[in-house]
Amino acid sequence: MTPQDAAAPEAPVAEDPIKAQNAQVLALLTRLFGEGTFTNVNEPYGLLTATTTRERIHEIVAGLQQDQELKFHFLTTMCGINYPENPGQELGMIYHLHSMTKNIRLRLKIFFPIADPVVPTLTDLYNTANWMEREAYDFFGIIFTGHPNLIRILNVEDMDYHPMRREYPVEDGTREDKTDLFFGR
């Protein structure tokens, strides 16, 4: 150890405020809903993300909305997802919640089998869930129990499939009205 090393105390490393805030939110989530409620917890781009079950999603979102400390009063977005390569968890929903007063964002995910695409509605908690759930039903076939008007929102009513499911080939090999020349192939 040189005299210069002894004279220069170590500078404290500044803690990332987003990571600190996320750690506090995760501790509160664990305290409110239990230790094993959330899995696959991570922070992509600083956004606290956790996976839970569809059986608990309504209870959790309602608790977060009513909690006076977190105040997640805004459902930013919710959307369906499809991972056909995950047997038993092919479909899912992603919920983005925002606490405007605390400036905290939270992403919750749930997964379930494509053979049983039933999820509880959040329309009793957030009016904005109405159209977002209808969109997830329209494109992914996710059925929201308790939804006041679960009908297609963008596609025609007599459509017998859900176009965002990855069940169909990306291109129609029988088409003759296009040439590969125009598509760079």
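**Lys71**

I began with Lys71, which counts as partly exposed because its relative accessibility is 25%. The scale I used has buried under 20% relative accessible area, exposed over 50% and partly exposed in between, with a 1.4 Å probe and protein chains only. Lys71 is in the loop between H3 and strand S3 (74–82). Phi of Lys71 is positive, about 55 degrees, although Lys71 is not a glycine.

**Ground rules**

I am working on a predicted model, where local features need pLDDT of at least 70 and side-chain atom pairs count only at pLDDT 80 or more, while totals for chains, interfaces and linings use all residues. Residues are numbered from 1 along each chain as its sequence is written, and side-chain values use heavy atoms, with hydrogens and water left out.

**The whole chain**

I counted 4 helices and 7 strands in the protein chain. These are DSSP runs numbered from the N terminus, with helices being H or I of at least four residues and strands E of at least two. Along the sequence I read the pattern α-α-β-β-α-β-β-β-β-α-β. The chain has 185 residues, of which 36% count as buried. For contacts (heavy atoms within 4.5 Å) between residues at least 6 apart in sequence, I noted that 52% join residues at least 24 apart.

**Strand S5 and its partners**

Which strands pair with S5, and in what sense? Strand S2 (residues 48–51) runs parallel to strand S5 (residues 104–112), over 4 bridges. Strand S4 (residues 91–99) pairs with S5 in the antiparallel sense, over 9 bridges. Pairing here needs at least two DSSP bridges between the two strands.

The hairpin of S4 and S5 has 4 residues between the strands. Asn103 sits in that loop between S4 and S5, and its phi is near 55 degrees, a positive value in a residue other than glycine. Asn103 counts as exposed because its relative accessibility is 52%.

**The largest pocket**

Next I checked the largest pocket, which holds about 150 Å³ of space. A pocket is an open set of points on a 1 Å grid over the protein atoms alone, where a 1.4 Å probe fits, with protein on both sides within 12 Å along at least five of seven lines; lining residues have an atom within 4 Å of a point. The volume is the space filled by probe spheres set on the points, which are joined across faces, edges and corners.

Gly36, Thr37, Thr39, Asn40, Thr51, Thr52, Thr53, Arg54, Glu55, Gln89 and Phe111 make up the lining. Strand S1 (39–42) and helix H3 (54–66) are the elements that give two or more residues to it. By class I got 1 nonpolar, 8 polar and 2 charged. Ala, Val, Leu, Ile, Met, Phe, Trp, Tyr, Cys and Pro are nonpolar in this scheme, Asp, Glu, Lys and Arg are charged, and the others, Gly among them, are polar.

**Arg54**

The side chain of Arg54 reaches the backbone oxygen of Asp116 at 2.6 Å. Beyond four places in sequence, Arg54 touches residues including Ile110, Phe112, Pro113 and Val118.

**Arg152**

Arg152 lies in the segment after strand S7 (143–145). I logged Arg152 as buried because its relative accessibility is 7%. What does the side chain of Arg152 make a polar contact with? The partner is the side chain of Asp138, at 2.6 Å. A polar contact is a pair of N or O atoms within 3.5 Å; within protein, one must be able to donate a hydrogen and the other to accept it, and residues adjacent in sequence count only if both atoms are side-chain atoms. Neighbours within four places aside, Arg152 is also in contact with Arg134, Tyr137 and Glu157, among others.

**Leu122**

I ended on Leu122, in the loop between strand S6 (118–120) and helix H4 (129–140). Leu122 counts as buried because its relative accessibility is 0%. Leaving aside neighbours within four places in sequence, Leu122 is in contact with His58, Val61, Tyr95, Ala129 and Glu133. The C-alpha atoms of Leu122 and Glu133 are separated by 8.4 Å, with the two residues 11 apart along the chain.
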